[in-house]
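Please open the structure in your viewer and keep the selection tool at hand. This tour goes from stop to stop, saying what to select next and what is there.

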Amino acid sequence: MNVLITGCNRGLGLGLVQRFAELSNSPKNIFATCRNMEKAKELQDLRAKHSNIHILEIDLQNFDSYKNLIKHVGDVVKNDGINLLINNAGVGPKTKTLDELEYEDLRDVLTTNTIMPIMFTKACLPLLRKASKANQNKKMGIERAAIINISSIRGSIASNTDGAKYPYRTSKAGLNAATKSMSIDLSPDKILCVSIHPGWVRTDVGGKDAPLDVTTSTMNILSTLLTFNESHNGGFFRYDGGNLPW
Ligand SMILES: NC(=O)c1ccc[n+]([C@@H]2O[C@H](COP(=O)([O-])OP(=O)(O)OC[C@H]3O[C@@H](n4cnc5c(N)ncnc54)[C@H](OP(=O)(O)O)[C@@H]3O)[C@@H](O)[C@H]2O)c1
C-alpha cells in the first residue's frame, strides 16, 4: 500500500504520518508533503526512524509544480500507484463578519482549502487509477484506492447555526461539493472519496482550547478509514466514524 498526505510538517498531517508509520503493517511508502523542509524537523526525525517515509517539499499553491512531484512519486511506486491520497493541508477559520470581510481573505482561504485539494487530486488521478487497477480483486476502500478530503464541520451547511466565518465555511463547503462530485465521477474507477471532519483538535488551526489532541484525532481517523467500503463513498464523516450532514 502507498499513501500520500499533504501538509505533514505539523498538526494533523504530522500525526497521520506518525500513525501510518507505527502500524505493524505500515504502508510500503508514505509520501509526506511540506512547504519548507527547514520547518519540518519533527517530520525529518520521524523519517530517520521509518525508512518508508519520503518527504516531498512542494508549495501546493504552485500548481505547475505538481507534474514533477507526480513523476517523482510515480517513479518510486511504478505500477502499484497510490492507494490513498489524504488532502490535509489547509488553513483555519478567522472570525470574519460580513462587514469585516476582505476580498483577499476569501481568495486566499478558498485557494488553499478548495482549489488546492481539487487540483492536487486531479494531478494524482493517474496514480490512483493505477492502484485501483492493480487491486481489482479488492473491494472499494483505502487498500484499493481512496481520496480523503480533510474538511470541517464548519463546511456543513445544515449544521451552520451561528453564521460568519465566510472564508472558512465556504472553502470547506466547496471542498465537500468536490468530494461528492469526485465520488460520483470516480465510482467507475472504484476510487472511494469521502470528506472527514477531524474533530476540534489542538493545532494551529484548532487553537489551544480544543478538546482533542492530535494523537486521539489521528488514531480515530485511521481506524475510521480502515472501515470504509462502497457504502461510505460520497459521504461526510467525523473522525470517529459518525455521519455528518452536508
Ligand atoms: N484542528 C482542528 O480543530 C481542525 C478542525 C477541522 C478541520 N481541520 C482541518 O485539518 C487540516 C489540518 O489542519 P491542522 O489542524 O493540522 O492545522 P495546522 O497545524 O495549522 O497544519 C496545517 C498544515 O497545512 C499546511 N498548509 C497551510 N497552508 C498551506 C498552503 N498554502 N500550502 C501548503 N500547505 C499549507 C501547513 O503547512 P505550513 O507549516 O507550511 O504552513 C501545515 O502543514 C486543515 O485542512 C484544517 O482545515 C482542523
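**First stop: two helices**

In this predicted model, select α1 and α2, which are roughly parallel to each other because angles under 35 degrees count as roughly parallel. Helix α1 covers residues 11-22 and helix α2 covers residues 41-49, and their axes cross at roughly 5 degrees while coming within 11 Å.

Now show the side chains where the helices touch: which residues of α1 meet α2? On the α1 side they are Leu14, Val17 and Gln18, and their partners in α2 are Glu42, Leu43 and Leu46.

**Second stop: the ligand**

Next, select the ligand together with the residues around it, of which there are 27, the closest being Asn9, Arg10, Leu12, Arg35 and Thr203. Zoom in on the oxygen atoms of the ligand, and you will find one that is 2.5 Å from an N or O atom in the side chain of Thr203. For Arg10, the corresponding distance between a side-chain N or O atom and a ligand oxygen is 2.6 Å, and a polar side-chain atom of Lys172 lies 3.0 Å from a ligand oxygen. On its own the ligand has 880 Å² of accessible area, and the protein covers 94% of it.

Finally, select Asn233, which sits in the loop between α6 (214-227) and β7 (236-238).

Technical notes: Residues numbered from 1 in each chain as written. Predicted model: local features only at pLDDT ≥ 70, side-chain atom pairs only at ≥ 80, totals over all residues. Heavy atoms only, no water. Axes fitted to C-alpha atoms, helices over the stretch in contact; angles between N-to-C directions. Helix = DSSP H or I, 4+ residues; strand = E, 2+ residues; numbered from the N terminus. Parallel < 35°, antiparallel > 145°, perpendicular 65-115°, else oblique. Contact = heavy atoms within 4.5 Å. Near = heavy atom within 4 Å. Polar contact = N/O pair within 3.5 Å; in protein donor to acceptor, adjacent residues only side chain to side chain. Areas by Shrake-Rupley, 256 points an atom, 1.4 Å probe, with all protein chains shown as cover.
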